[in-house]
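Here are my notes on the model, as numbered points. Please read them with the structure open.

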Amino acid sequence: MTTRFTGNFTQQEPIPEEAIQAAVAVMRSGRLHRYNLGPQEEGEVSALEREFAAWSGARYCLAVASGGYAIATALRALGVGPGDRVLTNAFTLAPVPGAIASLGAVPVLVEVTPDLVIDLEDLAARADQAKVLLLSHMRGHLCDMDRLMEICDAAGIRVIEDCAHTMGARWRGVLSGRHGAMACYSTQTYKHMNSGEGGLLISDDPDLMARAVLMSGSYMLYPRHGAAPAPEVFERHRLDMPNISGRMDHLRAAILRPQLAGLEARCAAWTERYRAVESCLRDVPGVKLPPRPQAEAFVGSSIQFLLPGRDAAAMRAYVAACAARGVELKWFGADSPAGFTSRYDHWRYAAPAPLPATDAVLAGLLDMRLPLTFSLEDCRVIGTILAEEARAAAG
Ligand SMILES: *Cc1c(COP(=O)(O)O)cnc(C)c1O
């Protein structure tokens, strides 16, 4: 008898009760806008910024409307403007090149390796083409961050980290997001904290952060922020920054604060689930799992594996066989974008040149979510189905 998995790949955990209570209190107060505060009241948004800065070890934090908004704001804060070229990963999610394009800037795509990280040799070869790298830690895979920073520092490239999939991950003990000049996080439903939509931006650089705060739509109320630079820093920028409204509100911040308190435990639970699926796929002929280096402490909120050398028909057949048994895989080799999954050559606005190494990787790359509503037993069932179908396909 063949086992079938009946769980739901897009079902998230409920919002913690404490967060629901905090959200209700905000609604009762009627004060939802971040600058609508009672006398002496800190407010949920400022408190979240203060707590996220403390958690990450960054000097400054700004809460915003989405991860994509955080990225575009970081690019603007670094002075990226129309026509400027920005290095970024060819293997990433559409909002990353989209944030670059939203400024009228031009993405310069860098190849991915079979280990699913940015190709550092290709990055070094293109280092003279841009002054900013928007580094996306796509699906939680961290490259050798020490080597990456060496390359960028030597070339005078400033780094923005997109940590949408690495909130809580570390490279040699350093938190992801603490290597570059600024780092961006998403608190959209499918990321590591869930406020429906939302984003966070961190930095140690007072001028970059003052610009970001002003652009986010702070009017002249920046002294009310919980983790912003001193007022004299704002004096240097306050009349030069356009207001590009993208603030977070108290309701979302209220939902996020209790989740931040429980973040490390949830990261560990994700990685346990990842390891449970991974162990079923280890040693299956024809399946390649990306290595997870000793230096990398990752958050396994999704898993990727490759079936190298299979043609498109075989990849589609494998995805269909797993789907028939209740296991939802995404394939990065499809000719047209589907749902959240797209490939660099679908971003026609970026006029991408062909990237043969990336094409070869994506043609065999599969991707699966691991929501925390799955038990470890669920993960073993899923892993067994993936392995059985891979063995069947290998004949
Ligand atoms: C989700 C995501 C973003 C954008 O976040 P939003 O909050 O949806 O705007 C950026 N980069 C990556 C890699 C993502 O997965």
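**Notes on salt bridges, strands and a helix pair**

1. R325 is buried, at 8% relative accessibility. Buried means under 20% relative accessible area, exposed over 50%, and partly exposed in between (1.4 Å probe, protein chains only). R325 forms a salt bridge with E388, with the closest N and O atoms 2.8 Å apart. A salt bridge here is a side-chain nitrogen of Lys or Arg within 4 Å of a carboxyl oxygen of Asp or Glu. R325 lies in the loop between helix 11 (312-324) and strand 12 (330-331), and E388 in helix 13 (residues 376-394), so the pair ties together parts 63 residues apart in sequence. E388 is partly exposed, at 36%. Helices (H or I, at least four residues) and strands (E, at least two) are DSSP runs, numbered from the N terminus.

2. A word on the basis. This is a predicted model, in which local features need pLDDT of at least 70 and side-chain atom pairs count only at pLDDT 80 or more, while totals for chains, interfaces and linings use all residues. Residues are numbered from 1 along each chain as its sequence is written, and side-chain values use heavy atoms, with hydrogens and water left out.

3. How many salt bridges are there by this rule? The count comes to 23. Side chains of opposite charge can pair when their charged atoms come close.

4. E278 is worth a look. E278 is buried, at 4% relative accessibility. The side chain of E278 meets that of R275 in a salt bridge (2.8 Å, N to O). R275 and E278 are 3 residues apart in helix 10 (residues 263-281), which means that about one helical turn separates them. E278 also forms a salt bridge with R282, the closest N and O atoms being 3.1 Å apart. The two arginines are partly exposed: R275 has a relative accessible area of 38%, and R282 has 41%.

5. Next, the helix pair. The axes of helix 2 (residues 44-56) and helix 9 (residues 250-261) come within 8 Å and cross at roughly 35°. Axes are lines fitted to C-alpha atoms, for helices over the stretch in contact, with angles from 0 to 180 degrees between N-to-C directions. Contact means heavy atoms within 4.5 Å. Helix 2 contributes E44, V45, A47, L48, E51, F52 and W55, and helix 9 contributes H250, A253, A254, L256, R257 and L260. By class, the contact has 9 nonpolar, 1 polar and 3 charged residues. Ala, Val, Leu, Ile, Met, Phe, Trp, Tyr, Cys and Pro count as nonpolar, Asp, Glu, Lys and Arg as charged, and the others, Gly among them, as polar.

6. Strand 1 (residues 60-64) is largely enclosed by the rest of the structure, because 5 of its 5 residues are buried. Y60, L62 and V64 point one way, and C61 and A63 the other. Strand 1 runs antiparallel to strand 9 (residues 199-203), joined by 5 bridges. Two strands pair if DSSP finds at least two bridges between them. C61 stands opposite I202 in strand 9.

7. Last, an open sheet of 3 strands, in the order 7-6-10 with antiparallel pairing. Strand 7 (174-175) and strand 10 (296-297) stand at the edges, each with a single partner strand, so one side of each has no neighbour in the sheet. Strand 6 (residues 170-171) pairs with strand 10 over 2 bridges. The bridge partner of R170 in strand 10 is A297.
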